[in-house]
Amino acid sequence: MNHLQKYINQVRSHLLIILVANNAFLIGGWWYAHHIQHLSDINTLILLGSCALVLTVGFAFLSTSYLVSPLAAVWRAVLHIAPDTADTQAPNLQKIPLGRELIVSLVTHIYQIASITNTIEKIADKEQTNLDHDFIATSLPLPLVVLNKEDTIIFANQALAQYIGQNKTDMEGKNVYSVLDMAFTNEQTFDAWHRNARTNKAVAAQMWERVRLNLPDREQTNQPQFDLAAYYNQDNPQGFETMLVLFDHTNQYAQDDQAMSFVALAVHELRTPLTLLRGYIEAFQEELAGKVDPELEDFMKKMAVAAGQLSTFVNTILNVSRIENNQFTLQLHKESWKDVLENAVSAMHARAEVRGIDLQVSVDDNLPEVGVDRVSISEVINNLIDNAIKYSGTSDRIMIRAYQTKDGVVETTVQDLGVGIPENAVPHIFEKFYRNHRNRAQVGGTGLGLYLAKVIIGAHGGHIWVRSHEGEGSTFGFTVQPYNQVAGRAESSNNKSEIVRNAHGWIKNHSMYRR
Amino acid sequence: MEPNTTTSTAPIGKKILCIEDEHFISELYVRALTRAGYDVTVEVDGQRGLELAQTNQFDIILLDLMIPTITGIEVLRRLRNPKETSPLKAKIIITTNLEQREDIRADIENQADGYIVKAEITPHELVGFVDSLYL
């Protein structure tokens, strides 16, 4: 702006000087002709008229070249950078007589803009060329695949080719699902996310853990396992709609699996003796009820509780093992939440009772019917109550509440007034094998219960949370969805509507089922 | 796990075949079911269990999967095969402690009337389960 003002001042002063000089010359000429030469009026007029004409024309040419030369420099600069006339010479800024600062600044800006545009074009060009010419392939050691809107692979890098043992060119142009047969730990799969993103989102990103490939030429135990990141951009100008990056964890997950499958195997062997133990304890209880010392009856009850706990433990281990092996599936059904919750809680009453703890349940009326897998969700409730019992300390009650939130989902909380969780442990509480170290020595547990709860709730499309203050107890809460929101999934996950599931098995619904 | 004091409403004299090779388990099941008014026959062998089921009119068959000579799933398939067995009146309940492979699980869902994980229920709860077939 300063340059502009200076230029205006310069132009104004130059014009003033020229015009004043012009007028002074004419007045001087008239005086000279009239008073010194005593020319007649008509001759004076002719002389001065011709002089004025010559001067005006001369000044016009002079001032034009002065005033236009800056514009010429700008014009030349534009021509110089424009692709069609790039052979034009760059303007010589030294030769500009007027407003040099302004023009230097203008031309500099023009060149700067040109260079930015150029860079952008080059980057865009580069991206295009790089995808075509292995730039990313060589610079990115992670397996990468790019899809278009038709799920066709439009780019796969060398790392992916190596990872799955296929030729890069063989993969491109194929449907992604035919090249990458991926198994996920729950029903929130890439496919489900992708469909949702395409319907509802302009951009989206998501990560999955423990994804397993099913490569036809490899053993089940030798399949790649990885975490998967996906980026979706509906309007990517190059048509790169979705990008997948694979983070390999085959070794780590395989080790986990091995450890887990050993434990699962061992735990499996516990099932038959456990069946017997529970059966005989029950027989004792029935036979001896009212016939023996109350203390003995109390012992029987505690034995039954311990056997029940062992049973929960076995189920937890086996379920985690199923998750690790990508064999965990849900059967979502329409259920009354009050019924599911009260049944699950009643299975825990004896366990609470022998610890002198009262389970207080309050379920709001008019809850919508929910879409849940009764077996799995009962395990979540069991695990949360089991935890609350373990960490209740000297407190004597646990409050279980269920209500509908303003978002329409059904939320259930399990609150104890016990020892609570240290603040630094709260963020990790749902991690596998994580246990509150301070309590480790005092309270038994696998560190799997809350992890399992999180996975199960996640697979239901709900979320689980905890609020805790050390010394004041903890509240765990989780949500499940009304049946009408999961109805689509429920039907697709199980079309055998005549099967009625309960917590420990299923029977066919005989009003519908005749043989 | 509390002994339930409600009286069983099961029809008296319904005949149950329990194919189970673990004696302690069948002992517990027989005891609980007999007390509830059922008439229980036990068989430990798959082949003989199949023959018993084909030649006698049982109301319910409790079928373990890990049994000698032929497996429980084989017994199930053959009992449901019209070329081999004329349609049974018996309802077949699978009792197991094992995880099932996908193909076996599909057959169980299609051909059995019920499924129980033994470690997860007590004999008393088994009675409740069987009773519920007649509710």
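Two strands are taken to pair if DSSP finds at least two bridges between them. Helices (H or I, at least four residues) and strands (E, at least two) are DSSP runs, numbered from the N terminus. Welcome to a predicted model, in which local features need pLDDT of at least 70, side-chain atom pairs count only at pLDDT 80 or more, and totals for chains, interfaces and linings use all residues. Residues are numbered from 1 along each chain as its sequence is written, while chains are lettered from A and ligands numbered from 1 in the order in which they are written. The model scores ipTM 0.76 and pTM 0.55.

**A sheet in chain A**

- Five strands of chain A make up an open sheet with mixed pairing, in the order E8-E10-E11-E13-E12.
- At its edges sit strand E8 (358-363) and strand E12 (464-469) of chain A, each pairing on one side only.
- Neighbouring strands of this sheet are turned by 15° against each other on average, direction ignored; axes here are lines fitted to C-alpha atoms, for helices over the stretch in contact, and angles run from 0 to 180 degrees between N-to-C directions.
- E12(A) pairs with strand E13 (residues 473-480) of chain A in the antiparallel sense, over six bridges, and Ser468(A) stands opposite Ser474(A) in E13(A).
- Helix H13 (residues 374-390) of chain A packs on the sheet, where it touches E8, strand E10 (397-404), strand E11 (410-416) and E13 of chain A. The direction of H13(A) makes about 25° with that of E11(A).
- Contact is used in this sense: the C-beta atoms of two residues, placed from the backbone, lie within 7 Å.

**Chain B overall**

- Chain B has five helices and five strands, which follow the pattern β-α-β-α-β-α-β-α-β-α along the sequence.
- Of the contacts in chain B between residues at least 6 apart in sequence, 63% join residues at least 24 apart.
- Buried residues account for 42% of the 135 residues in chain B; a residue is buried if 20 or more other C-beta atoms lie within 10 Å of its own, exposed if 12 or fewer, and partly exposed in between, with C-beta atoms placed from the backbone.

**Confidence in chain B**

- The mean pLDDT (the predictor's confidence in each residue, from 0 to 100) of chain B is 85, and 87% of the residues score at least 70.
- Among the elements of chain B, strand E1 (residues 15-19) has the highest mean pLDDT (96) and helix H4 (residues 102-111) the lowest (78).
- Over residues 1-8 of chain B, pLDDT stays under 50. Where pLDDT is low, the predicted coordinates should not be read in detail.

- Strand E4 (residues 91-96) of chain B is largely enclosed by the rest of the structure, because six of its six residues are buried.
- Lys91(B), Ile93(B) and Thr95(B) point one way from E4(B), and Ile92(B), Ile94(B) and Thr96(B) the other way.
- Strand E3 (residues 60-64) of chain B pairs with E4(B) in the parallel sense over five bridges, with Lys91(B) as the bridge partner of Ile60(B).
- Between E3(B) and E4(B) the chain runs through helix H3 (residues 72-79) of chain B, in a right-handed β-α-β crossover: with the strands pointing away from the viewer, the path from the first strand over the helix to the second runs clockwise.
- E4(B) also pairs in the parallel sense with strand E5 (residues 114-117) of chain B, over four bridges, and Ile94(B) stands opposite Tyr115(B) in E5(B).
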